[in-house]
Amino acid sequence: MKVYKFPSESEWPSLLARPVMDSSALEAKVMAVLKDVQANGDQALRNYTRQFDGVDMAQFTVGQEEITNAATMVSSELKNAIQQAAANIRQFHAAQQQVPEFIETMPGIRCWRKSVGIEKVGLYIPGGTAPLFSTLLMLGIPATLAGCREIILCSPPDKNGQLHPAILYAASVVGVTRIFKLGGVQAIGAMAYGTETVPKVYKIFGPGNQYVTCAKQLIQQSGIAIDMPAGPSEVAVFADETASPSFVAADLLSQAEHGSDSQVLLVTTSESLIPLVEQQIEQQLESLPRAEIARKALVNSTMVVVRDTQTAMDLLNRYAAEHLILACRDAEGLARMVINAGSVFIGHFSPESVGDYASGTNHTLPTNGYATAYSGVSLDSFVKKITFQQLTENGLKNISQTVIEMATAEGLDAHANAVRYRITN
Ligand SMILES: NC(=O)c1ccc[n+]([C@@H]2O[C@H](COP(=O)([O-])OP(=O)(O)OC[C@H]3O[C@@H](n4cnc5c(N)ncnc54)[C@H](O)[C@@H]3O)[C@@H](O)[C@H]2O)c1
Ligand SMILES: N[C@H](CO)Cc1c[nH]c[nH+]1
Ligand SMILES: [Zn+2]
């Protein structure tokens, strides 16, 4: 990791830069795949699955028998863990359900807003280097709570053309409607445009690598909604001298192991913590199966020593991390200073990985600085909020002059007439 000591504010943009692929080359490549899928449907899906996933697929649909068999391949310990995580995620997201509130804005005028589940949603579950069945819980549970009727799942097949059994088990726990063995850009294209086998959906959810994230951004131009740009994982840790170097190193590595394009950031007010964390990272890497991936991510990553807590928080708010861990004194106080972050982990005993799996919060979060304006996935992401109003005859009389006056001033007489005809007849 690169180390910066007491950088001036003018150095912040370069030290906080995310690792990005050349976006014009990426977009051109992704657009070509999307267009091909739109024009050639299943045949294009087969070609790209052979090219990018290295497997020939006769069919993409997962049958009920495969789902039932998968359940027998998941250990009872893992099933219990999935059930526990699912219960916590369900509880946290169910609390986001809103009961319509009826507001009488004027006598005889009643307005309310109701949340209605998006009918057809597509969930993308990454699977390039790790079968992220936890992501399925994070997306499928709010989708079912929201009342989405059709929940399509796409995830890349392995070299034998299979999905990991835990993905299929998690799919049955949350209640996904249909499952397809499809990954990458081709999966996003299939759900956006529809093919002979994959149905078109109205909104696509889920994280993924840079190809997937770029595809999601491009299909928005065709009127398909997306949750947000949730790209390569990130964590920022603020640590002072009370922090444990081994905890901090473990937290940094937990996101670095996601992908070589992941990024981790340590901001500290304790200069002496840096070598201790570096030493811990080296030690912990020795026993990590994904050390090679994590090492590549660490090349894109940074440690920064700052003078005081205020500077640390300014820097972290500028970075807008997907995850922010506050491993310091008065972590709760600092949490109140956070204005840009996807999800915040307060204190020495709140590792980010707990949020990734099981505490109940959602782990599909904005990356790449999008936390400045986007929220993570929640129940809200799966609903539309429809407003309703009902006026009595008296209610209409009460508001008539206001509407007629405004409509006339805008030169829209037909608008005014829609009120006039009712109150004069
Ligand atoms: N932000 C979040 O909430 C969040 C959550 C979980 C995971 N993640 C991120 O998701 C990502 C998962 O990435 P992954 O690669 O393991 O899985 P993935 O499923 O996103 O991508 C795999 C697919 O990429 C496609 N692909 C691979 N190489 C390609 C190429 N050269 N050209 C075109 N397509 C290509 C293949 O079709 C393959 O199926 C990681 O970066 C991880 O950090 C983010
Ligand atoms: N940290 C990821 C989001 O950036 C989510 C995840 C899934 N499994 C483990 N972690
Ligand atoms: Zn993670």
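Predicted model: local features only at pLDDT ≥ 70, side-chain atom pairs only at ≥ 80, totals over all residues.
**Overall build**

The chain has 425 residues, of which 41% count as buried. Its secondary structure comprises 16 helices and 14 strands. The C-alpha trace spans about 85 × 60 × 45 Å along its principal axes. Among contacts between residues at least 6 apart in sequence, 75% join residues at least 24 apart.

**Domains**

The domain assignment of the chain gives domain 1 (2-19 + 232-360), domain 2 (23-109 + 116-229) and domain 3 (392-424). Taken over C-alpha atoms, the centres of domain 2 and domain 3 are separated by 47 Å. Their contact takes four residues from domain 2 and five residues from domain 3. On the side of domain 2 that touches domain 3, three residues are nonpolar, one is polar and none is charged.

One has six strands in the order 1-11-10-9-12-13, and the pairing is parallel. Its edge strands are strand 1 (2-5) and strand 13 (341-346), each of which pairs on one side only. From one strand to the next the twist averages 15°. Strand 12 (residues 321-327) runs parallel to strand 13, and five bridges join the two. Within this pairing, isoleucine 325 has phenylalanine 345 in strand 13 as its bridge partner.

The other sheet has three strands in the order 2-3-14, with antiparallel pairing. Strand 2 (103-106) and strand 14 (383-391) are the edge strands here, and each pairs on one side only. Neighbouring strands of this sheet are turned by 30° against each other on average, direction ignored. Strand 2 and strand 3 (residues 109-117) run antiparallel and are joined by three bridges. Isoleucine 103 has cysteine 111 of strand 3 as its bridge partner. In general, strands of a sheet pair through backbone hydrogen bonds, either parallel or antiparallel.

**Ligand shells**

There are 31 residues around ligand 1, and those that come nearest are Gly128, Gly183, Gly184, Pro207 and Gly208. Helix 2 (23-53), helix 7 (184-193) and helix 8 (210-219) each supply at least two residues of this shell. The shell around ligand 1 also draws at least three residues from each of domain 1 and domain 2.

The residues around ligand 2 are Leu132, Ser134, Thr135, Ser233, Gln255, His258, Glu322, Asp356 and His363.

For ligand 1, Pro207 is among the residues that come nearest, together with Gly128, Gly183, Gly184 and Gly208.

Definitions and conventions:
Residues numbered from 1 in each chain as written. Chains lettered and ligands numbered in written order. Helix = DSSP H or I, 4+ residues; strand = E, 2+ residues; numbered from the N terminus. Buried ≥ 20, exposed ≤ 12 C-beta atoms within 10 Å, placed from the backbone. Contact = placed C-beta atoms within 7 Å. Near = placed C-beta within 6 Å. Pairing = 2+ DSSP bridges. Axes fitted to C-alpha atoms, helices over the stretch in contact; angles between N-to-C directions. Domains from an automatic or database assignment. Nonpolar A, V, L, I, M, F, W, Y, C, P; charged D, E, K, R; others polar.
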